[in-house]
Amino acid sequence: MYTVVGGARSRAFRVLWALEELGIPYEHLNEGPRSEKVLELNPSGKVPVLLDGDQVITDSTAILTYLADKHGALTHPAGTIARARQDAHLHFVLDEMDSVLWTASKHSFALPEAMRVPEIKPSLKEEWRQSVERLDQRLEGEFLAGDSLTVPDVVACHCIGWAVVAKFPVENERVKTWSKALRNRPAYQRAAAL
Ligand SMILES: N[C@@H](CCC(=O)N[C@@H](CS)C(=O)NCC(=O)O)C(=O)O
């Protein structure tokens, strides 16, 4: 039995959505970052954490890749060119989308107030605008890597939702259409209901 540790409003959502797509039962512990339970499992205090029996796996994309490889879905097989391209999309999403939003979050609420630099926001918004345009160029149609949902779609779509909450605009029509279709998937809706 898998246990997902981390609230559905955090990056744990990516893992909950993936498990719903895979149709695998799991338990969900709605723990916030740095809770006593989370610190026991992950010394950095970050969520999500996945428990596979008594094994602990940290970092949302490591967890997604583990689940996808183990269950043979949401991924191209390891060692193929298709997988290399899929992983390149994933690294793009982490470098150019997740990191921009996380830097914005740090300077909005995560860092101690005295260390926040609100003046960084306009340049992050411009970086974000460029990233969304680059995401558009990467879309192969309905998905990022081939003709079905893979790990980078999950992470990128989560970032789009995060951007909306953070008031980082998403104006590209193709990206809006792609993310809307993903959000309409029953598995996404089930995870969102958590
Ligand atoms: N690269 C990690 C980042 C995890 C992360 O930063 N999670 C946030 C919540 S979405 C957190 O726990 N932040 C608390 C902190 O940084 O102290 C992942 O993808 O899981």
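# Notebook: loops, sheet and ligand shell

I started at Asp59, which is found in the loop between E4 and helix H3 (60-71). Helices (H or I, at least four residues) and strands (E, at least two) are DSSP runs, numbered from the N terminus. Phi of Asp59 is near 80 degrees, a positive value in a residue other than glycine. The cut-offs I used: a residue is buried if 20 or more other C-beta atoms lie within 10 Å of its own, exposed if 12 or fewer, and partly exposed in between, with C-beta atoms placed from the backbone.

**Ground rules.** I noted that residues are numbered from 1 along each chain as its sequence is written. The model is predicted, so I kept in mind that local features need pLDDT of at least 70, that side-chain atom pairs count only at pLDDT 80 or more, and that totals for chains, interfaces and linings use all residues.

**Whole chain.** I listed eight helices and four strands. Along the sequence they follow the pattern β-α-β-α-β-β-α-α-α-α-α-α. The radius of gyration is 17 Å, close to the 16 Å that the globule rule gives for 194 residues, so the chain is as compact as a globular protein of that length. That radius is taken over C-alpha atoms, and the rule is 2.2 Å times the number of residues to the power 0.38. The C-alpha atoms fill a box of roughly 45 × 40 × 30 Å along the principal axes. Buried residues make up 35% of the 194.

I then looked at contacts. Two residues are in contact if their C-beta atoms, placed from the backbone, lie within 7 Å. Among contacts with a separation of 6 or more, 67% are between residues 24 or more positions apart.

**The sheet.** In what order do the four strands stand? I read E2-E1-E3-E4, an open sheet with mixed pairing. Strands E2 (26-29) and E4 (55-58) stand at the edges with a single partner strand each, so one side of each is left without a neighbour in the sheet. Neighbouring strands are turned by 20 degrees against each other on average, direction ignored. Two strands pair if DSSP finds at least two bridges between them. Strands of a sheet pair through backbone hydrogen bonds, either parallel or antiparallel.

I went through the pairs. Strand E1 (residues 2-5) and E2 run parallel, joined by four bridges. Tyr2 stands opposite Tyr26 in E2. E3 and E4 are antiparallel, again over four bridges. Leu50 has Ile57 in E4 as its bridge partner. E3 and E4 form a hairpin with two residues between them. In that turn, Gly53 has a positive phi of about 65 degrees.

Helix H1 (residues 12-22) lies across E1, E2 and strand E3 (49-52), running at about 150 degrees to E1. Axes here are lines fitted to C-alpha atoms, for helices over the stretch in contact, and angles run from 0 to 180 degrees between N-to-C directions.

**Ligand shell.** Which residues surround the ligand? I wrote down Ser10, Arg11, Pro33, Arg34, Gly45, Lys46, Val47, Pro48, Asp59, Ser60 and Thr61. A residue counts as near if its C-beta atom, placed from the backbone, lies within 6 Å of the molecule. The shell divides into three nonpolar, four polar and four charged residues. Ala, Val, Leu, Ile, Met, Phe, Trp, Tyr, Cys and Pro count as nonpolar, Asp, Glu, Lys and Arg as charged, and the others, Gly among them, as polar.

Pro48 sits in the loop between H2 and E3.

**Lys37.** I placed Lys37 in helix H2 (residues 36-41). It is partly exposed, with 13 other C-beta atoms within 10 Å. Leaving aside neighbours within four places in sequence, Lys37 is in contact with Val5, Leu29 and Glu31.

Leu74 lies between H3 and helix H4 (81-110). Its phi is near 65 degrees, positive in a residue other than glycine. Leu74 is buried, with 22 other C-beta atoms within 10 Å. Ile120 is in the loop between H4 and helix H5 (121-138). I found Ile120 partly exposed, with 13 other C-beta atoms within 10 Å. How far apart are Ile120 and Ala187? They are 67 residues apart in sequence and 36 Å apart in space, C-alpha to C-alpha.
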